[in-house]
Amino acid sequence: MIKALNISKSFGENKVLKDITVKFEKGKTNLIIGQSGSGKTVLMKCLVGLYEVDEGHIYFDERDFSAMTFKERKKIRQEIGMLFQGGALFDSLNVEENIKFPLTMFTNQSLEEKIERVNFCLKWVNLENANKLYPAELSGGMTKRVAIARAISLNPEYLFCDEPNSGLDPHTSGVIDDLISKLTEEFQITTIVNTHDMNSVIKIGDTISFIYEGQLWWEGDKTQILDTDNKELNEFVFDTELTKRLKKSKIY
Amino acid sequence: MLSRFGKYILLMIQVIRKPEKGSVYRKQLIMEIQSLGIESLGIVAIISLFMGAVVAIQTSYNIDNPLIPVSTIGFTVRQSVILEFAPTIISLILAGKVGSRIASEIGTMRVTEQIDALEIMGVNPANYLIFPKVTAAMIINPVLIILSMYFGMIGGWLVAVFTDLYTVNDYVYGIRAWFDGYIIFYALIKTVIFAYLITSISGFEGFIVKGGAVEVGAASTRAVVWSSIMIILFNLILTQLLLS
């Protein structure tokens, strides 16, 4: 479980996160949603330690991450897997080397053990036999799947996904959503997904935190979000022509 | 300016930490020696050969006085190449070739979140990316510079072989005359320091990039400009310190 208690973050005069307290549960797909510029990416970067919070605390299963030294954080970082928006695969390494990289850096496994683990992870994301391909040779969906495989190579306790569906067609988005959800349940990972894809919200949102103007505006799950009275959340959820029509015809 | 220098110092503190894993660092080091050093061998050899030849021809045209021995040509080529041309000019050329490569490589990794990915994994990205480049350049650049000295003097020798400006014997005599081994030491000290400046400044410029392709290009240019300026500045300081 990950908890953020009263966290705030400013960039100069611009206060991006304002006193946010939020809890992300283990074994569930926890979604952070919000409009572009609402602060959800900053929140995720604070949670993983890429940005330091100005105020407040972040706990990884009761361990105060924000109060830790660089060395202490290193141990927790090895329990974190992260899927970046663009995949962030290392260009100079092929798929196998990308997935093997965390294993090489942080374990003393033999080459055979590492290859076995790589193949296991690739099988999980349905990319068997892609070992020798380079990132430039992968499609958008394949890149995301390889990034997921790399993120899970060290058996993480916590999985962070920053806009996993951006730039993907609806079908591939669905495949990625299914993968994230399946991984979370099977390995009982605390998964946090940063998204504004409403398909994902309705499909995999075990818990949903809506960020509005840097504040936690609403919390609930995928069933509650469609019936909420919250004005700002309704404007966000039913912003597209399709969702407006669905709401009007009460199809959902 | 002062803030950038502060950031540079803070980054260097991260860079010179003990590598996460020795075996990974050694592999990186060998790869960097290949890409930063061995792949620069061609351009260093060509430029040195022609520059040595040009220095030899220009010196021969400027020696009108019969009291000045012809062997002065060889002597001049040797001194110019070892003292200044090989360590400084070749380092400036490497600042362009290697510096822009390092800044754009690391800068692209920054804007595509590859550096964030390293950090989240628990890897010190500054150490992992910059330290092997700095050490590789400090190891391989002296080798390149010694080869540059060799090719420079060969350039002058080829002029003697293919023209009537001076004889091979006079040239070789000049090359060997009044030789002081200290100038090689001086040249190599400069080379090692220039190698550090090129790789650390370029690594820094790439590492702090924010934005996209335009900013990566700008960082690459800044890397070359600042590396060159620092080479010129440190050339003056080191010459004063080591030769005065």
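**Entry 1: ground rules.** I am working from a predicted model, and I keep that in mind throughout.

**Entry 2: the sheet in chain A.** I traced an open sheet of six strands, and its order reads β6-β7-β8-β3-β9-β10 (chain A). The pairing is mixed. Which strands sit at the edges? I found β6 and β10 (215-220) of chain A there, each pairing on one side only. Leaving direction aside, neighbouring strands of this sheet are turned by 20° against each other on average. I then zoomed in on β6(A) and β7(A), which run parallel and share four bridges. For Gly81(A), I noted Leu159(A) as the bridge partner in β7(A).

**Entry 3: two positive phi values.** I looked up Ala88(A), which is not a glycine and yet has a positive phi of about 55°. Ala88(A) belongs to the loop between β6 (80-83) and α3 (95-106) of chain A. Is Ala88(A) buried or exposed? I count 25 other C-beta atoms within 10 Å, and the cut-off for buried is 20 or more, so Ala88(A) is buried.

Asn155(A) also has a positive phi of about 55° without being a glycine. I located Asn155(A) in the loop between α5 (140-152) and β7 (158-162) of chain A. Here the count is 12 C-beta neighbours inside 10 Å, so Asn155(A) is exposed.

**Entry 4: a helix pair in chain B.** I turned to helix α8 (residues 182-207) and helix α9 (residues 213-243) of chain B. Their axes lie 9 Å apart, at an angle of about 155°. Angles over 145 degrees count as roughly antiparallel, so I log α8(B) and α9(B) that way. The crossing of α8(B) past α9(B) is right-handed.

Who makes the contact? On α8(B) I listed, among others, Ile193(B), Phe194(B) and Leu197(B). On α9(B) the residues include Trp226(B), Met230(B) and Phe234(B). Sorted by class, the contact of α8(B) with α9(B) has 16 nonpolar, four polar and three charged residues.

**Entry 5: where the chains touch.** How many residues does each chain bring to the contact? I get 13 residues from chain B and 15 residues from chain A. On the chain B side, helix α5 (residues 114-121) of chain B gives the largest share, six residues. By class, that side of chain B has five nonpolar, three polar and five charged residues.

Key. Residues are numbered from 1 along each chain as its sequence is written. Chains are lettered from A and ligands numbered from 1 in the order in which they are written. This is a predicted model: local features need pLDDT of at least 70, side-chain atom pairs count only at pLDDT 80 or more; totals for chains, interfaces and linings use all residues. Two residues are in contact if their C-beta atoms, placed from the backbone, lie within 7 Å. Ala, Val, Leu, Ile, Met, Phe, Trp, Tyr, Cys and Pro count as nonpolar, Asp, Glu, Lys and Arg as charged, and the others, Gly among them, as polar. Axes are lines fitted to C-alpha atoms, for helices over the stretch in contact, and angles run from 0 to 180 degrees between N-to-C directions. Angles under 35 degrees count as roughly parallel, over 145 as roughly antiparallel, 65 to 115 as roughly perpendicular and the rest as oblique. A crossing is left-handed if the near helix is turned anticlockwise from the far one by less than a right angle, and right-handed if clockwise. Two strands pair if DSSP finds at least two bridges between them.
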